[in-house]
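These are my notebook entries on a structure that I looked up feature by feature. I record what I asked of the coordinates and what I found.

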Amino acid sequence: MVIGVILYFHGFTLTSVVLKSTHKYPYFVIAVIAVMFTACSPKGRYAATNLVYKHKADSFAKVVQLQQPAMLKDSSGMAVPSDWVGTVNFGIRKPNYVIIHFTAQDSLEQTLRTFTVTHTGTSAHYVVAKSGKVVHMVNDYLRANHAGVGKWGSVTDMNSISIGIEIDNNGDEPYTDAQINSLIALLGRLKTAYAIPTANFIGHEDFAPKRKPDPGPFFPWKKMAQHGFGLWSDEVLEVAPENFDYVTALRLIGYDVSDLNSAIIAFKRHFVQTDIKGKLTQLDLNILYNVYQKY
Ligand SMILES: [Zn+2]
């Protein structure tokens with residue numbers, strides 16, 4: 001263990017010294033080296049991008065330390081008198097939504113690569129692997145590029161107020177039990193840490209119905225709702241009234257109804273799941289009538 005720790009901190013140069021001085025136990029040393037380098041390889045592999053992350057985070061820390069008055073001009077172009085006085089009562093802004101995604105990729109490795117090269121421009125706070133492993137990629141207090149253009153209620157800049165969670169899933173397969181178990185643990189921690197309202201656990205498909213299909217009908221929203229993450233319809237449904245204004249109901253839940261067909265499909269991907277056609281059946285209307293009253 002001691003040899004392993006030495007190797008970890010001092011790298012290859014010291015490795016050769018240790019090998020020469022311990023030839024009584026060459027197999028042991030080689031085994032330790034193999035274990036240590038295997039265990040440390042992910043850190044080494046992303047060392048460069050971890051450094052970029054640190055530099056960016058450092059630059060953001062400088063931004064929040066700025067103490068300067070607002071530089072304003074009135075309608076005649078005259079400077080508005082201003083000053084800076086630091087209050088003693090303040091905190092750091094917290095996320096208030098969680099957006100669930102599927103990666104639409106084939107492996108955790110592929111997703112990690114996507115999020116560690118600049119040309120994609122995308123990222124998420126967390127990635128949940130099929131094994132259940134949770135990879136944290138952006139501090140919860142910082143803004144990840146996961147939600148993009150969309151609208152939920154009156155929220156348009158969702159990235160600024162949300163945590164993005166990507167689940168390793170190609171978009172056409174069930175999620176693994178390990179992923180769902182890990183996700184429930186992660187959502188529980190986030191909900192408690194940031195007091196995120198139950199209704200504010202939604203999918204990318206809900207926020208951006210014109211563009212995004214994730215996390216799709218395979219995602220177990222009912223199970224999530226049973227754990228307090230997102231809302232779900234009751235077992236026994238009242239029949240929706242004949243004059244039920246379903247467009248307003250969709251809008252009150254949060255959907256952008258400017259493209260009604262997309263909003264209906266998004267609603268059905270989330271709350272119906274067994275049929276995702278862009279037409280509301282009587283059952284869909286009953287579910288919508290039940291769900292919207294919870295918002
Ligand atoms: Zn997404």
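**Entry 1: A loop residue**

I began with L72, which I located in the loop between α3 (47-64) and β1. The model is a predicted one, and I kept this in mind for every entry. I then looked up how accessible L72 is, and its relative accessibility of 47% places L72 in the partly exposed class. Leaving aside residues up to four places away in sequence, I noted that L72 touches M78, A79 and V80. I also looked up the separation of L72 and S82: the two are 10 residues apart in sequence, and their C-alpha atoms are 8.0 Å apart in space.

**Entry 2: The chain as a whole**

I next turned to the overall content. I recorded 10 helices and five strands in the chain. Of the 295 residues in the chain, 40% are buried. Among contacts between residues at least 6 apart in sequence, 63% join residues at least 24 apart.

**Entry 3: The zinc ion**

Which protein atoms are the donors of the zinc ion? I found ND1 of H101, ND1 of H204 and OD of D214, lying 2.1 Å from the ion. Along the chain, I wrote the spacing of these donors as H-x102-H-x9-D. I then compared the places of two of them: H101 is in strand β1 (residues 97-102), whereas D214 is in the loop between α6 (204-207) and α7 (221-226). This pair is 113 residues apart and links distant parts of the chain.

Are H101 and D214 buried or exposed? The relative accessible area of H101 is 1%, so H101 is buried. D214 has a relative accessibility of 3% and therefore also counts as buried.

The peptide bond that joins D214 and P215 is cis, with omega at about 10°. P215 lies in the loop between α6 and α7.

**Entry 4: Positive phi values**

I looked up residues with positive phi. A104 is not a glycine, yet its phi is positive, at about 60°. I placed A104 in the loop between β1 and α4 (108-114). With 49% relative accessibility, A104 counts as partly exposed.

A195 is another residue other than glycine with a positive phi, here near 50°. I found A195 in the loop between α5 (177-194) and β5 (201-203). Its relative accessibility is 54%, so A195 counts as exposed, the cut-off for that class being over 50%.

I noted a glycine as well: G254, which follows α8, has a positive phi near 140°.

**Entry 5: Helix α8**

Which residues of helix α8 (residues 246-253) are buried? I listed A249, L250 and I253. Seen down the axis of α8, these buried residues fall within an arc of 100°, and therefore they line one face of the helix. I then looked up their partners, and the buried residues of α8 pack against α9 and α10.

**Entry 6: Helices α9 and α10**

How do the axes of helix α9 (residues 260-271) and helix α10 (residues 282-292) cross? I recorded a crossing at roughly 80°, with the axes coming within 11 Å. The angle makes α9 roughly perpendicular to α10, because angles of 65 to 115 degrees count as such. On the α9 side, the contact is made by F267, K268 and F271; on the α10 side, by D284, I287, L288 and V291.

Residues up to four places away in sequence not being counted, S262 touches P209 and K210.

**Entry 7: How enclosed is α10?**

How many of the 11 residues of α10 are buried? I noted eight, so α10 is largely enclosed by the rest of the structure. The buried residues are D284, L285, N286, I287, L288, Y289, N290 and V291. I finally looked up what covers these residues, and the cover includes α8 and α9.

Technical notes:
Residues numbered from 1 in each chain as written. Predicted model: local features only at pLDDT ≥ 70, side-chain atom pairs only at ≥ 80, totals over all residues. Heavy atoms only, no water. Donors = N, O, S within 2.8 Å, 3.2 Å for Na, K, Ca; no water. Helix = DSSP H or I, 4+ residues; strand = E, 2+ residues; numbered from the N terminus. Buried < 20%, exposed > 50% of the residue type's maximum accessible area, 1.4 Å probe, protein only. Axes fitted to C-alpha atoms, helices over the stretch in contact; angles between N-to-C directions. Parallel < 35°, antiparallel > 145°, perpendicular 65-115°, else oblique. Contact = heavy atoms within 4.5 Å. Arc of directions from axis to C-beta.
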